[in-house]
Amino acid sequence: MAKREREAVAPRGTPIDHSLIVDGFGEMDGRTIYEAYVTNCGRCGREFTFTPEAQKYVHEVRGVPIKMGRRGAAYCPNCANETAADNKARRELVKRMHIAEESAAACRERPDDFGLLLRHAINRVRLQEIEPSPKAAERIVGDLRRVQRTAPKSKAVEALYWEARLYDILGDDARATDRYATFVASPGQRTKKLVLEARKALKRLSR
Ligand SMILES: [Zn+2]
């Protein structure tokens, strides 16, 4: 009996939280659950079924007005995934830019510190992973070579690895292979993790 009462109160399906939606046209007035409908994706234009769960997310979590569901705010599952991936990449880019700005400031304060110079170069390589730019890469290579020429052995060897990685990102397979191989073959202190990464990269590049 009590169970049946609860079922009558709680509707089946995906409930609408009227306190969270923006519904100027009153399209949801008198409704308790979201209903699937067919609409066109706001990104690729293809027709798809906008599911109740997706509607709840778009209208209640993202705060998109109800009327926009049929006016381009709804994305098909494919485009929704791609958009989420793009947003994640953008957040990661901003994070890495911030880290690179901090290491740039540290380098300006202590221009002769090879450790800082290497750290800053690595931070910029990590930026290149998301947004490659050959022009910026040239300057990074310059800094990495400076470390290789003048820093103590362990730092110099590590800089070689990052030079290889940078060429790898830029798609210069010949130079990347050459630097990775030299890194793996060079004596001196190398971290196991970087040697492992270099071996993996060499295997991939030889295919
Ligand atoms: Zn789409």
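## Exercises on helix packing and domain layout

Asp173, Ala176, Thr177, Tyr180, Ala181, Phe183 and Val184 of helix H7 are in contact with Val195, Ala198, Arg199, Ala201, Leu202 and Leu205 of helix H8. The model used in these exercises is predicted.

**Exercise 1.** Describe the packing of H7 against H8 by residue class and by axis geometry.

*Solution.* Start with the residue classes: the contact of H7 with H8 divides into 10 nonpolar, 1 polar and 2 charged residues. Next take the axes. Those of H7 (residues 173-185) and H8 (residues 192-206) come within 9 Å and cross at roughly 140°. Finally, the handedness: H7 passes H8 in a left-handed crossing.

**Exercise 2.** Determine whether H5 runs roughly parallel or roughly antiparallel to H6.

*Solution.* The axes of H5 (residues 134-150) and H6 (residues 153-170) come within 8 Å and cross at roughly 160°. Because angles over 145 degrees count as roughly antiparallel, H5 is roughly antiparallel to H6. The crossing of H5 past H6 is left-handed. On the H5 side the contact residues are Pro134, Ala137, Ile140, Val141, Leu144, Val147 and Gln148. They meet Lys155, Ala156, Ala159, Leu160, Trp162, Glu163, Leu166 and Leu170 in H6. By class, the contact of H5 with H6 has 12 nonpolar, 1 polar and 2 charged residues.

**Exercise 3.** Characterise the contact of H6 with H8.

*Solution.* First the geometry: the axes of H6 and H8 come within 11 Å and cross at roughly 35°, and the crossing is left-handed. H6 contributes Glu158, Tyr161, Ala164 and Asp168, while H8 contributes Leu194, Ala198 and Ala201. The classes are 5 nonpolar, no polar and 2 charged.

**Exercise 4.** State the domain bounds and how far apart the C-alpha centres of the domains lie.

*Solution.* The domain assignment gives domain 1 (2-75) and domain 2 (90-206). Their C-alpha centres lie 48 Å apart.

Technical notes
Residues numbered from 1 in each chain as written. Predicted model: local features only at pLDDT ≥ 70, side-chain atom pairs only at ≥ 80, totals over all residues. Domains from an automatic or database assignment. Axes fitted to C-alpha atoms, helices over the stretch in contact; angles between N-to-C directions. Helix = DSSP H or I, 4+ residues; strand = E, 2+ residues; numbered from the N terminus. Parallel < 35°, antiparallel > 145°, perpendicular 65-115°, else oblique. Left-handed = near helix turned anticlockwise from the far one by under 90°. Contact = placed C-beta atoms within 7 Å. Nonpolar A, V, L, I, M, F, W, Y, C, P; charged D, E, K, R; others polar.
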